[in-house]
Amino acid sequence: MKRKIAVAAALAASLFGTAACGGGGSDEGATSATGQVDGKGKTIKVWLMVDAETSWKTVVDDATKRFTDATGAQVNVEYQQWANHLTKLDATLAGSDVPDVVELGNTEFSKYVFSGGFAELNKADFENSGTWLSGLSGACESEGKVYCVPYYAGARVMIYRTDLFQKAGIADAPKTYADLLAAADKLQAGNAADNKFSAFYMPGQYWYAAMSWVKSSGGEIAKKEGDKWVGQLSTPQSLEGLQKWVDLTKKYSKADVTKNENEQAGIFSQGSGGIFYGNAWEQGVAEEVRKDPNDPTSPLVPTKVKGKLAAAPLPEIPSFLGGSNLGVTAKSGNKELAAQWIKAFTDAKSMEGLAKAGALPNATNLLDKAASDNPKIAPAALAAKNSWFPPNAEKWADVEKASILQTMLTDVLTGKKSVADGAKWADEQIAATLNEA
């Protein structure tokens, strides 16, 4: 997921607008009266993903300058590629010459938190930490301790055809869920002659979307009771949300029930859809599809929906965020300096720079200003105010790898299982996976 976000971040940007390494030596010395660590003669190593270099390098450079001016320490920023960053990190953490600061995707962090790869941080040291986006911070927390800092986000929104809305007499983007269904009814009626038309295009294995509906009804995927994880999809609240998603998908979508959302923007670009639910940057992908979606330098190819799309928050549905967090490695010899650099790179000044570059800041109290500074991210900024994160369990990645939720959703949509039976089966599989020794 994160590699797609990185590639699309570069697309969205185009569409919208030798010192000692950190892993060696002892930790810092005295802290000054201003609270800054004396870092003279030291260099910290920072691993950021390549989209920081291509989309907001000036923000990186400014934070680094402010950090160096305050501490005297130098910074060696090394930009990493999404294709191999986890393999490289695993190999590096097994040795002694480690980076001091590492960026990971929010869904990637949990594994390393539970394996002891990152050092504990003092949450109160970081600006706006009381209002961090829960869809990012959820991965950082374990048993009351914090191991990473939210960096930036991208939110899922409703992306819709303005021309079809106008033709159907729909004046504005839906403000309530009832408005959404009414709009879908009008779109479906007005395009009945197109047997491929989806009033709301929803791939059947799009579990991020399905679980957003579960969250909207107060449901959960799983929770920890004592020392055991227990599946929660069979609770009344979860079943209500899941049924709402199933009803919408069956009535309004012609998408393949055995596919996920990875290709939805490209399919939507072909013109047989009224609404889809995607990351904000997928609007740009749908309007300007590249010949090679994994190559940000390949040419743009205009599509049937060019200039016909707009975005808005999906009413009453919380958003699953994509994005990144920053942590200090447990083996770092410069932990305090590393934390000071993260503090500078995630403060309000840096967040303002990220928003102007098209990324969402890391805290809810910064979203309104971000939307004002860059109206193109306003729909995503509004959606990000209500976000969620999967169960922060050591083995959650194994649940995703086993495609438990995806299998349940396809079974329900094809009639192989009822909603209740599918939820019960998924609860059993999720619990067995999360509790596996």
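Biologist: What makes the reach from the side chain of Gln80 to the backbone oxygen of Glu78 a polar contact?

Modeller: A polar contact is a pair of N or O atoms within 3.5 Å; within protein, one must be able to donate a hydrogen and the other to accept it, and residues adjacent in sequence count only if both atoms are side-chain atoms. Here the distance is 3.3 Å, so the pair qualifies.

Biologist: How far can I read such values?

Modeller: This is a predicted model, where local features need pLDDT of at least 70 and side-chain atom pairs count only at pLDDT 80 or more, while totals for chains, interfaces and linings use all residues. Residues are numbered from 1 along each chain as its sequence is written, and side-chain values use heavy atoms, leaving out hydrogens and water.

Biologist: Is Gln80 buried or exposed, and how do you know?

Modeller: Buried means under 20% relative accessible area, exposed over 50%, partly exposed in between (1.4 Å probe, protein chains only). Gln80 has 4%, so Gln80 is buried. Gln80 touches Trp47, Leu48, Met49, Val50, His85 and Lys88, leaving out residues up to four places away in sequence. Contact means heavy atoms within 4.5 Å.

Biologist: Where does Gln80 sit?

Modeller: In strand β2. Strands (E, at least two residues) and helices (H or I, at least four) are DSSP runs, numbered from the N terminus. Strand β2 belongs to an open sheet of five strands, ordered β2-β1-β3-β16-β6, with mixed pairing.

Biologist: What makes β2 and β6 edge strands?

Modeller: β2 (74-80) and β6 (149-154) each have a single partner strand, so one side of each lacks a neighbour in the sheet.

Biologist: How do you know that β6 and β16 pair?

Modeller: Two strands pair if DSSP finds at least two bridges between them. β6 and β16 (residues 322-328) have five, in the antiparallel sense, so they pair. Pro150 stands opposite Asn325 in β16.

Biologist: What makes a group of residues a nonpolar core?

Modeller: Such a core is a set of buried Ala, Val, Leu, Ile, Met, Phe, Trp, Tyr and Cys residues joined through side-chain atoms within 4.5 Å. The largest one has 54 residues, and Phe200, Met211, Trp213 and Ile430 have the most contacts inside it. Helix α9 (residues 207-216) gives the most to this core: seven residues. A second, separate core has 51 residues, including Trp47 and Phe109.
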